[in-house]
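Trainee: I would like to go through this entry term by term. Please set each word against its definition as we go.

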Amino acid sequence: MKSTLVAFVSGIIFSVGLVISGMVNPHKVIGFLDIFGEWDISLMFVMGGAVTFNLIAFRLVTKRKEPFFSADWHLPTSTDLDKKLLIGSALFGIGWGIAGICPGPGIVNLVTLKPEAIYFVASLVVGMILFHLTKSVWEK
Amino acid sequence: MTESMILALIGGILIGLSSTTMLGGIGRITGISGILGMSLGKIQAEHLWRYAFLGGLIVGGIGMLISNPQYFDYQLDLPPAQYIIAGLIVGYGTRLGSGCTSGHGVCGISRTAKRSIVATLVFMLFGIITVAVQRILL
């Protein structure tokens, strides 16, 4: 129960961060990626702020034997730079550049009820399901 | 620093606070593509934290829309097909690459995970190229 509450509150804080920072605004995101045009570097501070905070705070919280409200750590262990990682990230970058929306801001944009936000998230879900259905192709 | 840089920094710190709370609280990486992707299957108790996080995203968004609507003062003015194509590619790509801006960019880099650092460089590079190509073509 506590873990559910922690996740819920974290989701709220994350969402507020995405909104305040301007990450929900695709025009700002495109401006950030547009380094050969009218480059808007402000979003650099989003990742800068988050990563700086986490570089310190992650170290502090993971010193504990276990998380506060859970019995185990669930951390990725893979270290391979495989083709799935590279091709997947390249595809994500292309999609991100096309619309200026990544998954978190896409979900938050649903609250505006703008049809385009709904198209994006619905397609996002379909893309994820398509991956699930074709997963075995990548295991070769 | 301009106002939008300061807001970006404050928002970024909130995102850090959220992902640290997730890690310290329940031992999880805050990767939104993974959280959404894993939630899509059969409803299961083990996904409860994922549903809760996604619910929090929506509730936080509604709260901001009501209290500070100026943050949503922008248009989604590309042709609808572009949102659909982008969504499909982002959905497929983030699941194939095991992460997006949050999981690889915010959390993975902070854990100095080699895979996440490479993933972030790759998606940033391809994002930049895509925007540049669109600038030339459109």
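Predicted model: local features only at pLDDT ≥ 70, side-chain atom pairs only at ≥ 80, totals over all residues.

Trainee: Why is M128(A) called buried?

Mentor: M128(A) has 27 other C-beta atoms within 10 Å, and the cut-off is 20 or more, so the label applies. This residue is found in helix α6 of chain A.

Trainee: Which residues is M128(A) in contact with, leaving aside its neighbours within four places in sequence?

Mentor: They are L36(B), G37(B), L40(B), G91(B) and R95(B). Contact here means that the C-beta atoms of two residues, placed from the backbone, lie within 7 Å. By way of another pair, M128(A) and T52(A) are 30 Å apart in space, C-alpha to C-alpha, and 76 residues apart in sequence.

Trainee: How many helices and strands does chain A have?

Mentor: Chain A has 6 helices and 0 strands, in the order α-α-α-α-α-α along the sequence. Helices are DSSP runs of H or I with at least four residues and strands are runs of E with at least two, numbered from the N terminus. Chain B also comes to 6 helices and 0 strands.

Trainee: How much of each chain counts as buried?

Mentor: For chain A it is 53% of the 140 residues; for chain B it is 57% of the 138 residues.

Trainee: How do you know how α6 of chain A and α4 of chain B pack?

Mentor: From their axes: α6(A) (residues 115-134) and α4(B) (residues 80-96) pack at about 35°, with the axes 7 Å apart. Axes are lines fitted to C-alpha atoms, for helices over the stretch in contact, and angles run from 0 to 180 degrees between N-to-C directions. The residues of this contact divide into 19 nonpolar, 4 polar and 2 charged. Ala, Val, Leu, Ile, Met, Phe, Trp, Tyr, Cys and Pro count as nonpolar, Asp, Glu, Lys and Arg as charged, and the others, Gly among them, as polar.

Trainee: Which hand does the crossing of α4(A) and α6(B) have?

Mentor: It is right-handed. That word is used if the near helix is turned clockwise from the far one by less than a right angle, and left-handed if anticlockwise. The axes of α4(A) and α6(B) come within 7 Å and cross at roughly 40°. The contact of α4(A) with α6(B) holds 15 nonpolar, 5 polar and 1 charged residues. The crossing of α6(A) and α4(B) is right-handed as well.

Trainee: How many residues of chain B are in contact with chain A?

Mentor: There are 95, and they meet 99 residues of chain A. The largest share of that side of chain B, 22 residues, comes from α1(B). By class it has 57 nonpolar, 32 polar and 6 charged residues.

Trainee: What makes up the largest nonpolar core?

Mentor: It has 81 residues, and the name means a set of buried Ala, Val, Leu, Ile, Met, Phe, Trp, Tyr and Cys residues joined through C-beta atoms within 7 Å. Among those with the most contacts inside it are F120(A), F53(B) and A86(B). Helix α1 (residues 2-21) of chain A gives the most, 10 residues. F120(A) touches residues including I101(A), Y83(B) and A86(B), not counting those up to four places away in sequence.

Trainee: What confidence does the predictor give?

Mentor: Chain B averages a pLDDT of 97, with 100% of the residues scoring at least 70; pLDDT is the predictor's confidence in each residue, from 0 to 100. For the complex, the ipTM is 0.97 and the pTM is 0.97.

Terms used. Residues numbered from 1 in each chain as written. Chains lettered and ligands numbered in written order. Buried ≥ 20, exposed ≤ 12 C-beta atoms within 10 Å, placed from the backbone.
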